[in-house]
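Hi there,

Here is the structure I promised to pass on to you. Could you take a look when you have a moment? My notes follow below.

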Amino acid sequence: MIRVLIADDQALLRGSFRALVDLSGDCTTVGEAGTGSEAVRLVAEVRPDVVLMDVRMPEMNGIDATRLISGNPELGGVKVLMLTTFDLDEYVYGALRAGASGFLLKDTPPAELLNAIRVVAAGDGLLSPSVTRRLIFEFARRPRPERPIPRRLDGVTEREKEVLRLVGLGLSNNEIAAHLGLSLATVKTHVGRILAKLEVRDRAQLVIVAYETGLVEVSL
């Protein structure tokens with residue numbers, strides 16, 4: 001069972017999410033929090049697999065709470081899936097850089113939300129299509145950095161950089177395998193090694209690295 005903690009300041013929404021999770025058959029709710037600080041405390045106590053984290057909450061917002069959770073090495077197995085009614089860029093970037101593994105809007109259909117929980121729990125990053133488009137547009141409109149690829153990629157091989165570039169473009173492992181003429185197992189091995197070398201949590205973080213290091217260039 002995938003263990004889920006729900007953090008939202010609206011009791012009605014927490015109840016709705018709890019019912020959805022508990023009726024899924026493969027997920028179960030292990031706690032509820034109404035504030036960001038309560039979420040941080042409960043995560044340390046119950047160690048969920050996935051936290052459904054609202055962005056706007058009293059005492060501490062969801063992004064700050066996510067940063068504390070992701071920054072705690074003892075909570076390395078906890079994944080955060082951000083949920084919000086606000087499709088605003090600053091929340092997306094703030095959430096991803098804070099260590100969130102995914103970002104979805106609250107109007108996401110129930111089946112897609114459950115799938116998102118499963119994807120994030122499995123270690124993959126997830127962004128809603130609209131968020132992904134906005135993320136790509138934002139990086140594309142920024143001035144191209146004149147400096148070389150930062151030293152943080154010095155330990156990454158040329159093949160791994162190519163795989164990272166394709167991850168940044170949004171390709172799945174199957175698509176990367178077909179594009180490079182590799183087996184799926186080989187691609188998974190490359191992705192795992194890249195995650196370890198860059199010390200990032202999942203594919204969502206790899207997308208950020210691919211853009212910020214200049215491996216991916218997008219024309220407007």
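**Helix α10 and what follows**

α10 is mostly covered, with nine of its ten residues buried. Those buried residues are R203, A204, Q205, L206, V207, I208, V209, A210 and Y211. Please keep in mind while reading that this is a predicted model.

T213 counts as buried because its relative accessibility is 7%, and the cut-off for buried is under 20%.

**The nonpolar cores**

The largest nonpolar core holds 23 residues, and M53 and M82 have the most contacts inside it. Two or more residues come from each of these elements: β1 (2-7), α2 (36-46), β3 (50-54), α3 (62-70), β4 (79-84), α4 (89-98) and β5 (102-105).

What does M82 touch, leaving aside its neighbours within four places in sequence? Its contacts are M53, D54, V55, G62, I63, T66, A95, A100, G102, F103 and L104.

There is also a second, separate core of 22 residues, which includes L153, I176, L195 and A210. A210 brings us back to α10, as A210 is one of the buried residues of that helix.

Happy to talk any of this through.

Best wishes

Methods:
Residues numbered from 1 in each chain as written. Predicted model: local features only at pLDDT ≥ 70, side-chain atom pairs only at ≥ 80, totals over all residues. Heavy atoms only, no water. Buried < 20%, exposed > 50% of the residue type's maximum accessible area, 1.4 Å probe, protein only. Helix = DSSP H or I, 4+ residues; strand = E, 2+ residues; numbered from the N terminus. Core = buried A, V, L, I, M, F, W, Y, C linked by side-chain atoms within 4.5 Å. Contact = heavy atoms within 4.5 Å.
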